[in-house]
Amino acid sequence: MKKVFLTLFLLVFTIYYSQVSEFAKIDKIVGEKYRAIEKKYKKKFPEERQQEIAAVNKFRKESYKKAIDFIQKDDINIDFNSIPRDFTKEAEYETGMSGFRNLFSENFDASELEGGKGTIKCVVKFLINENGKVSNIIAEGSDFDFNQEALITFYKISEKGKWKPAEKDGVPVKSVFQMPLTMNFE
């Protein structure tokens, strides 16, 4: 019986970290491609250089989309509004909300939001279960690239800290966490 639990634990652990590390693999490939372009052109032939950079950016977006789809394929479709909100203590990040927001902003890559104008917004929502595990991460907003970058950032930082679940009368309960994001471009 111990072997079964150990095997199951190792399988879940391997699948989870292989999913999250997929973003690291993509980042490594993209970084190598950017360095190769810089070395190849050395500020010469700006049009060709821009075309290659655009191709790398397209590869990055498509690869991230595939990785997100793969991670989310196992999420159970839930109605966030069906989760009770009558808890006595809200879920909290281990370093507090300011720590979580700082971690998020330090890992958010705004350079991928080229050509943005005005104000863009989204709301990131996710489920925190009774054990503090996060799942069902979604980003809702009108700008696809902003939403995707928010999802990428959440998945990248998911292994960097833990959540304490919400409680109702001292008993851990699942809850929905919402984080509004706003970015202004001039």
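Let's start with Phe104: at 5% relative accessibility, this residue counts as buried, because the cut-off for buried is under 20%. The model is a predicted one, and Phe104 is a handy way into its aromatic residues, since ring pairs link Phe104 with Tyr93, Phe100, Phe108, Phe126, Phe146, Phe154, Trp163 and Phe177 into a cluster. In total, the structure holds 14 aromatic pairs.

**Aromatic pairs**

- Take Phe100 and Trp163 to begin with: their ring centres are 5.0 Å apart and their planes stand at 65°, so this pair is edge-to-face.
- Phe100 belongs to helix H3 (residues 96-107) and Trp163 to strand E4 (residues 163-164), so the contact ties together parts that are 63 residues apart in sequence.
- Both Phe100 and Trp163 are buried.
- Phe104 pairs with Phe154, with ring centres 4.9 Å apart and planes at 50°, so this pair is tilted.
- Here too, distant parts of the chain are linked: Phe104 is in helix H3 and Phe154 is in helix H4 (residues 144-157), 50 residues apart.
- Phe154 has 4% relative accessibility and so counts as buried.

**Helix H4**

- Helix H4 has 14 residues and spans 20 Å from its first C-alpha to its last, close to the 20 Å expected at 1.5 Å a residue.
- Eleven of those 14 residues are buried, so H4 is largely enclosed by the rest of the structure.

**Strands E2 and E3**

- Six bridges pair strand E2 (residues 118-128) with strand E3 (residues 134-141) in the antiparallel sense.
- Within this pairing, Val123 stands opposite Glu140 of E3.
- The hairpin of E2 and E3 has five residues between the strands, and Gly132 takes a positive phi near 90° there.

**Lysines over rings**

- Lys33 places its charged end over the ring of Phe59, 4.0 Å from the ring centre.
- Lys73 lies over the face of Phe70, and the distance to the ring centre is 4.5 Å.

Note on methods:
Residues are numbered from 1 along each chain as its sequence is written. This is a predicted model: local features need pLDDT of at least 70, side-chain atom pairs count only at pLDDT 80 or more; totals for chains, interfaces and linings use all residues. Side-chain values use heavy atoms; hydrogens and water are left out. Rings of Phe, Tyr and Trp (its six-membered ring) pair if their centres lie within 6.5 Å; planes under 30 degrees apart count as stacked, over 60 as edge-to-face and the rest as tilted. Helices (H or I, at least four residues) and strands (E, at least two) are DSSP runs, numbered from the N terminus. Buried means under 20% relative accessible area, exposed over 50%, partly exposed in between (1.4 Å probe, protein chains only). A charge sits over a ring if NZ of Lys or CZ of Arg is within 6 Å of the ring centre and within 35 degrees of the ring normal. Two strands pair if DSSP finds at least two bridges between them. The expected span of a helix is 1.5 Å times one less than its number of residues.
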